[in-house]
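Student: Hi! Could you walk me through this model?

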There are 2 protein chains.
Amino acid sequence: MENKVKNYADEEHCPVRNVLDRFGDKWSMLVLMLLSDMEVLRFNEIHKYIGTISQKMLTVTLKKLEADGLVERKAYPEIPPRVEYSLTKRAKTLMPIIQDLAQWANKNMADIQDSRRKVV
Amino acid sequence: MENKVKNYADEEHCPVRNVLDRFGDKWSMLVLMLLSDMEVLRFNEIHKYIGTISQKMLTVTLKKLEADGLVERKAYPEIPPRVEYSLTKRAKTLMPIIQDLAQWANKNMADIQDSRRKVV
DNA sequence: CGGGATCCCTGCCGATACTG
DNA sequence: CAGTATCGGCAGGGATCCCG
C-alpha cells in the first residue's frame, strides 16, 4: 500500500485535479445543483435563481459544462429564442457525490468558521 | 419541494460555496488526499510528493487547512526543526466523500476529455 | 529544515454596452 | 431572450531571496 504511491504531481492525469479544474470554479457546482433541483431551466431562469452571477459568467459556465458533457442545451428556433438547460446522464451520476459534499458542508460549516476565528 | 427553493445567491451561507472556497483551490484537496494516504508527513515530504507545488503555496495551503481544522500541525522544538502534518478527525469524515469524487473522476475523465475534444 | 517576505504576472471574474 | 464583445481590477499562484 505505502510502497505503491500514487503520482500526486502529474497534473494532466491526476483525476482529482482534472475534476476540480472542471467544476472547482466559482459557479459550476452551483449551476449543477440548481439544475439537479429544477430539472429544466431556461437561461434567464438560472440567472434569476443565482442572482449574483453575471450574464457573461453564466454563459461561460454553461458552455464549459456543456463541453464536458454535464449539461445539455436545447435551443428552440423561435422568436424570441428559447433555450433550455438540463443535466446529462453523466452529470446525474455525479450529483449524489455533490449532495454528500453539500451535506458535509452543512454539518461542518459552523464549526469550521469557529475554528477559523480562533486562528485569525 | 419546488415552491420552497433554496437560496442559491447567498454566498455567505451557501454551504457549497463555503466548502469550495475552502478546498476548491489548486492544491488543498491534493494535500488532503496525500495526508489521507500517508497519515503523517513532514513539510518537505509533502513537497516532494507533490513535486509541482511551490514552497509558498504549500505553506499557504497548509495554513488554510490548519485554520479550518482539517490539518493538524505538530512542531518539535529541535534543531534542525521538524514539523509533522496529519489529518484531523473532521478531515477524516470528509475523506470518504473526496474518495468518491476521485473515483468518479477516474471513471469519467476519459469520456469527459473526449466530449471536450468534439466541442473544441 | 521549515518557513517568511517580495515581486510579478496570468487569468478569473465583474461591469457595461451591443446584437440577432 | 439569449447571448457576444470589450475593458479592467484584483486575487491566485509562481519564482526568488532571506532567516532562525
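Student: Which element gives the largest share of the surface near DNA strand D?
Tutor: That is helix 4 of chain A, with four residues. A residue is near a strand if one of its heavy atoms lies within 4 Å of it, and helices (H or I, at least four residues) and strands (E, at least two) are DSSP runs, numbered from the N terminus. Before we go on: this is a predicted model, where local features need pLDDT of at least 70 and side-chain atom pairs count only at pLDDT 80 or more, while totals for chains, interfaces and linings use all residues. Residues are numbered from 1 along each chain as its sequence is written, chains are lettered from A and ligands numbered from 1 in the order in which they are written, and side-chain values use heavy atoms, leaving out hydrogens and water.

Student: OK, and which other elements supply at least two residues there?
Tutor: Besides helix 4 of chain A, there are helix 3 (43–49) and strand 3 of chain A, together with helix 4 of chain B.

Student: How many residues surround DNA strand D, and which are the closest?
Tutor: There are 20, and the closest are K63(A), R73(A), Y85(A), K56(B) and M57(B). Of the atoms of DNA strand D that come within 4 Å of the protein, sugar and phosphate account for 61%. By class, the surrounding surface has eight nonpolar, four polar and eight charged residues. In this scheme Ala, Val, Leu, Ile, Met, Phe, Trp, Tyr, Cys and Pro count as nonpolar, Asp, Glu, Lys and Arg as charged, and the others, Gly among them, as polar.

Student: Which side chains have an N or O atom by a phosphate oxygen of DNA strand D?
Tutor: From chain B, K26(B) comes to 3.0 Å and W27(B) to 3.4 Å. From chain A, a polar side-chain atom of R42(A) is 2.9 Å from a phosphate oxygen. A polar contact here is a pair of N or O atoms within 3.5 Å; within protein, one must be able to donate a hydrogen and the other to accept it, and residues adjacent in sequence count only if both atoms are side-chain atoms.

Student: Now the other strand. How many residues surround DNA strand C?
Tutor: For DNA strand C the count is 21, and K56(A), M57(A), K63(B), R73(B) and Y85(B) are the closest. Sugar and phosphate make up 67% of the DNA strand C atoms within 4 Å of the protein.

Student: What touches the bases of DNA strand C?
Tutor: The side chain of K56(A) has an N or O atom 2.4 Å from a base oxygen, and that of Q55(B) has one 3.4 Å from a base nitrogen. On the phosphate side, a polar side-chain atom of Y85(B) is 2.4 Å from a phosphate oxygen. Helix 4 (55–67) of chain A gives two or more residues to this surface, together with helix 3 (43–49), helix 4 (55–67) and strand 3 of chain B. The largest share, four residues, belongs to helix 4 of chain B.

Student: Why do you say the copies meet through the same surface?
Tutor: Because 100% of the interface residues of chain B are also interface residues in chain A. Contact means heavy atoms within 4.5 Å.

Student: Last one: what is the strand order in the sheet of chain B?
Tutor: The order is 1-3-2, in an open sheet with antiparallel pairing. Strand 1 (40–42) and strand 2 of chain B each have a single partner strand, so one side of each is left without a neighbour in the sheet. Two strands pair if DSSP finds at least two bridges between them.

Student: How many bridges join strand 2 of chain B to strand 3 of chain B?
Tutor: Six, between residues 71–76 and residues 82–87, with V71(B) opposite L87(B). These two strands form a hairpin with five residues between them. Strand 1 of chain B pairs with strand 3 of chain B over three bridges, and there R42(B) stands opposite E84(B). Helix 2 (residues 28–38) of chain B packs on the sheet, touching strand 1, strand 2 and strand 3 of chain B, and makes about 95 degrees with strand 3 in direction. For such angles, axes are lines fitted to C-alpha atoms, for helices over the stretch in contact, and values run from 0 to 180 degrees between N-to-C directions.
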